[in-house]
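Colleague: I would like to learn how to read the features of a model like this one. Could we go through them step by step?

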Amino acid sequence: MSRYHTIASLFAFTAAIALQTSPGLAFSSEAQQMCSADAMRLCSSEIPDIPRITACMVRNKSHVSPGCRAVMDREHAAAAAARKREAAAQ
């Protein structure tokens with residue numbers, strides 16, 4: 001895989017994480033900055049399959065860097081709050 005494809009895949013992965021865990025929020029540059037190295041280290045065999053990368057990162061959450069874990073936790077909490085607001089509105 002070329003370097004360009006690897007970088008593009010990591011960009012797509014972090015966008016998917018941000019959008020999947022934070023519906024309604026734009027792409028999280030913080031997630032890209034904090035998690036790209038972890039994605040490459042822990043889940044490079046899953047690139048370019050974004051759902052598999054996402055599952056791999058969640059599965060390996062205990063092995064990600066503290067900064068990435070904080071972003072994942074924050075975005076998970078935001079997604080849970082959004083789902084709760086959505087359910088209450090119905």
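**Reading the helices and their contacts**

Modeller: Of the 90 residues of the protein, 36% count as buried. Keep in mind throughout that the model is predicted.

Colleague: How many helices and strands are there in the protein?

Modeller: The protein has four helices and zero strands. Read from the N terminus on, the order of elements is α-α-α-α.

Colleague: What share of the contacts with a separation of 6 or more comes from residues 24 or more positions apart?

Modeller: Such residues account for 51% of those contacts.

Colleague: Now the helix pairs. At what angle do the axes of H2 and H4 cross?

Modeller: Helix H2 covers residues 29-43 and helix H4 residues 66-89; their axes cross at roughly 130° and come within 8 Å. H2 is therefore oblique to H4, since roughly antiparallel would require an angle over 145 degrees. As for handedness, the crossing of H2 and H4 is left-handed.

Colleague: Which residues of H2 and H4 make the contact?

Modeller: H2 contributes Glu30, Ala31, Met34, Cys35 and Asp38, while H4 contributes Gly67, Cys68, Val71, Met72, Arg74 and Glu75. Sorted by class, the contact of H2 with H4 has six nonpolar, one polar and four charged residues.

Colleague: And at what angle do H2 and H3 pack?

Modeller: The angle between H2 and H3 is about 95°, and their axes are 10 Å apart. That makes H2 roughly perpendicular to H3. On the H2 side the contact is made by Cys35, Asp38, Ala39, Leu42 and Cys43, and on the H3 side by Ile53, Cys56 and Met57. By class, the contact of H2 with H3 divides into seven nonpolar, no polar and one charged.

Colleague: Let us turn to charged pairs. What is the general idea, and how many salt bridges does a search of the whole structure find?

Modeller: Side chains of opposite charge can pair when their charged atoms come close. The cut-off for a salt bridge is 4 Å between the side-chain nitrogen and the carboxyl oxygen. A search of the whole structure finds four salt bridges.

Colleague: Which parts does the pair of Arg74 and Glu30 tie together?

Modeller: The side chains of Arg74 and Glu30 meet in a salt bridge, 2.7 Å from N to O. Arg74 lies in helix H4 and Glu30 in helix H2, so this pair ties together parts that are 44 residues apart in sequence. Arg74 has a relative accessible area of 43% and is partly exposed; Glu30, with 36%, is partly exposed.

Colleague: Where do Lys61 and Asp73 lie?

Modeller: Lys61 forms a salt bridge with Asp73, and their closest N and O atoms are 2.3 Å apart. Lys61 lies in the loop between helix H3 (50-59) and H4, and Asp73 lies in helix H4, so the pair ties together parts that are 12 residues apart in sequence. At 27% relative accessibility, Lys61 is partly exposed, and Asp73 is partly exposed at 35%.

Colleague: Take Glu46 next. Is Glu46 buried or exposed?

Modeller: Glu46 is buried, because its relative accessible area is 14% and the cut-off for buried is under 20%. Glu46 forms a salt bridge with Arg52, with the closest N and O atoms 2.6 Å apart. Arg52, at 44% relative accessibility, counts as partly exposed.

Colleague: What does Asn60 contact, leaving aside its neighbours within four places in sequence?

Modeller: With those neighbours left aside, Asn60 is in contact with Leu42 and Cys43. Asn60 is found in the loop between H3 and H4. Its relative accessible area is 17%, so Asn60 is buried.

Colleague: Last, Arg69. How should I read its surroundings? Which residues does Arg69 touch, not counting those up to four places away in sequence?

Modeller: On that count, Arg69 touches Lys61, Ser62, His63 and Val64. Arg69 lies in helix H4 and, at 28% relative accessibility, counts as partly exposed.

Colleague: How far apart are Arg69 and Cys35, in sequence and in space?

Modeller: Arg69 and Cys35 are 34 residues apart in sequence, and their C-alpha atoms are 8.2 Å apart in space. Cys35 has already come up on the H2 side of the contact with H4 and on the H2 side of the contact with H3.

Conventions. Residues are numbered from 1 along each chain as its sequence is written. This is a predicted model: local features need pLDDT of at least 70, side-chain atom pairs count only at pLDDT 80 or more; totals for chains, interfaces and linings use all residues. Side-chain values use heavy atoms; hydrogens and water are left out. Axes are lines fitted to C-alpha atoms, for helices over the stretch in contact, and angles run from 0 to 180 degrees between N-to-C directions. Helices (H or I, at least four residues) and strands (E, at least two) are DSSP runs, numbered from the N terminus. Angles under 35 degrees count as roughly parallel, over 145 as roughly antiparallel, 65 to 115 as roughly perpendicular and the rest as oblique. A crossing is left-handed if the near helix is turned anticlockwise from the far one by less than a right angle, and right-handed if clockwise. Contact means heavy atoms within 4.5 Å. Ala, Val, Leu, Ile, Met, Phe, Trp, Tyr, Cys and Pro count as nonpolar, Asp, Glu, Lys and Arg as charged, and the others, Gly among them, as polar. Buried means under 20% relative accessible area, exposed over 50%, partly exposed in between (1.4 Å probe, protein chains only).
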